[in-house]
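Morning, everyone. Please have the structure open while I talk. I'll take it step by step.

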Amino acid sequence: MKKNAELERIRKLLETEGYITDSSIVMSVFLSMQLKKPLLIEGPAGVGKTEIAKVMASALETDLIRLQCYEGLDANHAIYEWNYQRQLLYLKMAEQSDASIAQKSADLFSDEFLLKRPVLQAVTQSKSPVFLIDEVDRADEEFESFLLEILSDWQVTIPEIGTIEATHVPYVVVTSNRVRELSEALRRRCMYLWIDYPDFDKELAIVKSKVPDIDKKLADQICRFMQEVRQQRLEKVPGIAETLDWAFALASLHVDHLDKDIIEQTLGVVLKDWQDIRQTQLSLSELWDKVGVSSKIN
Amino acid sequence: MSDTQNLITRQTELSANIVALCRFLRQKGFIAGAREEVDALQALSVVPFETRHQMMLALKAVLPKSRIEVETFEGLYQEYWDNLKKAVDSKMTEKPEESSDDKSKDSDPRKKPPSLNHLKNWLQGKTAVEEEEVASYSDFEVLTRRNFSTFSEEEMHHVMRIIRLVAKTLMNRQTRRYEAARSRGQFDVRRTVRNNMRKGGEMFELAWRRRKIQRLKMVLLCDVSKSMDLYSRFLIQFIYGFQALSNQVDTFVFSTLLHRVTDKLRGRKIGPALERLAEDIPDWSGGTRIGASLVRFMDDFGNQKLDRRTIVIILSDGWDTGDIEVLADAMRRIRQKSARIIWLNPLAGSAEFEPKVRGMQAALPYIDVFAPCHNIESLQRLAGHLVTARKRKRIDLRENMIESR
């Protein structure tokens with residue numbers, strides 16, 4: 001029973017932070033926290049992968065440290081770096097001073113000249129932070145292998161200072177947009193969570209929670225329309241982020257229901273690709289009919 | 001509560017079941033090794049599995065490691081328990097079903113607990129069936145075998161030289177990473193300062209850096225259907241030349257089916273290699289289903305073979321007898337996953353050629369470089385163009401296109 005309460009607590013925490021979940025997500029977050037295993041989240045863009053880490057951090061009342069990955073990201077930018085230029089200046093200034101060599105070198109390699117990059121930050125917190133490694137698929141494969149080492153040892157070796165071991169192992173969230181396939185080794189080290197586009201009910205709940213003053217009918221129509229749009233063959237399928245943008249936009253225009261004209265005028269909020277927009281405009285009548293049918297059925 | 005209790009009375013050890021489940025999943029292509037077994041057991045020890053559903057959720061969070069695995073997990077999980085139930089029931093009524101099953105004789109009784117015998121047999125029977133299915137060929141495949149003649153040494157040598165040039169240009173790419181260089185390239189401030197620190201901060205040694213060159217991989221997809229017959233002599237040289245060049249090249253041929261021929265071409269003299277090919281690929285000179293073959297390639301090899309440093313070269317005339325939508329879709333998927341798509345079309349060599357073939361037209365929007373390859377000159381021209389264009393840029397090397405510019 002106690003354990004069940006814990007599971008329920010996480011659901012509540014996520015929900016009070018405004019994150020609408022389903023049982024798979026709650027279970028994965030719960031287990032990754034319990035087993036202290038990194039959580040690898042994959043899914044299309046804009047379904048709230050990054051959001052999970054943010055919500056986890058505020059639910060645990062701890063810091064969120066974010067490492068945004070990009071092609072060419074290397075250890076210097078991920079772990080730590082000495083501030084060489086400042087060190088050099090310091091040396092020049094210290095030439096005249098009477099301090100001993102030992103003292104000078106101790107000063108030279110002190111915290112003052114150490115630039116802490118996200119990994120080093122993550123292992124030196126006084127409380128387990130949430131460490132978000134965002135869009136890991138953008139970094140190249142060399143970085144992935146380096147990441148494996150960090151995730152298994154949680155220590156950083158700085159030759160001049162020594163090895164720094166994590167006092168509090170961070171909660172790790174790794175996200176990927178599947179731009180490229182991640183290595184099997186990394187997958188195995190993590191718990192895997194696939195988040196897909198939400199179904200109608202979940203999306204409606206999200207819209208209502210994030211845009212509280214939206215008209216009920218409008219929210220319903222927006223979500224139905226989004227469900228239909230995602231059935232199309234699109235270059236860039238809109239995610240929840242787009243739904244919310246659209247809901248905000250329409251709510252602030254004081255629109256209380258959708259019609260074809262409004263959709264056509266505001267389509268740019270939802271679709272971000274020229275061809276997608278054109279294609280959707282062409283099939284708008286058909287789409288709109290489907291929305292009408294689906295709202296009558298329910 | 002009652003569900004779990006049931007499980008426990010039936011199979012006294014839950015851990016044995018988890019191990020068996022993992023074994024079952026492994027058969028189905030999951031990566032469920034010892035590490036995953038441990039994870040699963042740990043997960044179950046912290047999760048309040050009061051209902052069967054919660055236990056499933058917990059295992060679902062731990063065991064699958066990719067999207068496909070996530071999606072198939074629930075079905076497989078159900079399948080496992082159903083069959084376990086059957087196995088246990090048959091054991092309870094003491095009517096061992098496996099005696100009638102002739103496949104049980106090759107199973108090893110030492111390896112598994114007796115109650116799982118049925119499950120094991122079922123598993124083995126299942127895989128045997130799957131293997132049979134894979135080994136059989138479809139009816140519409142044309143089972144013709146061609147005898148490839150050997151090529152003259154001199155001709156081969158020339159082609160190889162050009163191919164090497166093409167491949168080299170293609171496969172070396174500058175990256176955003178830097179590597180240390182000796183006195184050329186850019187001045188590396190960071191390393192210079194670092195290296196000279198021990199000399200009291202005077203700059204004695206200068207450090208340099210340059211962009212790292214990255215070796216790209218290559219996937220070759222060759223159409224060997226009837227319509228390509230005229231060019232097959234040249235085609236084979238081409239494939240062989242690429243394959244012999246580096247072990248970063250993977251070659252597939254297709255007409256109605258897709259075959260991976262990398263290993264058959266590797267490390268052999270061209271003569272015997274070609275004989276092997278003609279023997280092993282029954283649908284050589286068959287019909288063409290480019291779209292279906294490309295889909296097959298993406299499904300079976302896409303994730304392993306393609307990434308953003310892989311160049312895909314497709315050699316085909318674009319005569320597709322299958323569904324054009326399928327082809328367009330496959331091309332889109334390949335484009336998403338690869339660095340570049342180069343389509344070499346032997347027909348594009350003639351000045352009158354227009355890509356009016358439906359297949360070619362469907363594929364064209366996704367192609368980065370479209371070039372003719374009917375003879376050595378056209379290849380040479382391709383090499384020349386690739387040297388100047390490194391980025392992902394549309395290039396069309398048809399003669400009429402160049403004149404019109």
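One term before we start: two residues are in contact if their C-beta atoms, placed from the backbone, lie within 7 Å. Also, keep in mind that this is a predicted model.

Let's begin where the chains meet. How many residues of chain B are in contact with chain A? The count is 31, and they touch 28 residues of chain A. Which elements of chain B give two or more residues to that side? They are α3 (34-46), α4 (52-62), α5 (67-92), β1 (172-181) and α8 (189-196) of chain B. Now the classes. That side of chain B has 13 nonpolar residues, six polar and twelve charged.

Next, chain A by itself. Chain A has 15 helices and nine strands. Its length is 298 residues, and 34% of them count as buried. Now take the contacts in chain A between residues at least 6 apart in sequence. Of these, 77% join residues at least 24 apart.

Last, one pair of helices. Find α11, residues 216-231 of chain A, and α12, residues 240-252 of chain A. Their axes come within 11 Å and cross at roughly 145°. The crossing of α11(A) and α12(A) is right-handed. Which residues make the contact? From α11(A), we have Leu218(A), Ala219(A), Ile222(A) and Met226(A). From α12(A), we have Thr243(A), Trp246(A), Ala247(A) and Leu250(A). By class, that contact has seven nonpolar residues, one polar and no charged.

Definitions and conventions. Residues numbered from 1 in each chain as written. Chains lettered and ligands numbered in written order. Predicted model: local features only at pLDDT ≥ 70, side-chain atom pairs only at ≥ 80, totals over all residues. Axes fitted to C-alpha atoms, helices over the stretch in contact; angles between N-to-C directions. Helix = DSSP H or I, 4+ residues; strand = E, 2+ residues; numbered from the N terminus. Left-handed = near helix turned anticlockwise from the far one by under 90°. Nonpolar A, V, L, I, M, F, W, Y, C, P; charged D, E, K, R; others polar. Buried ≥ 20, exposed ≤ 12 C-beta atoms within 10 Å, placed from the backbone.
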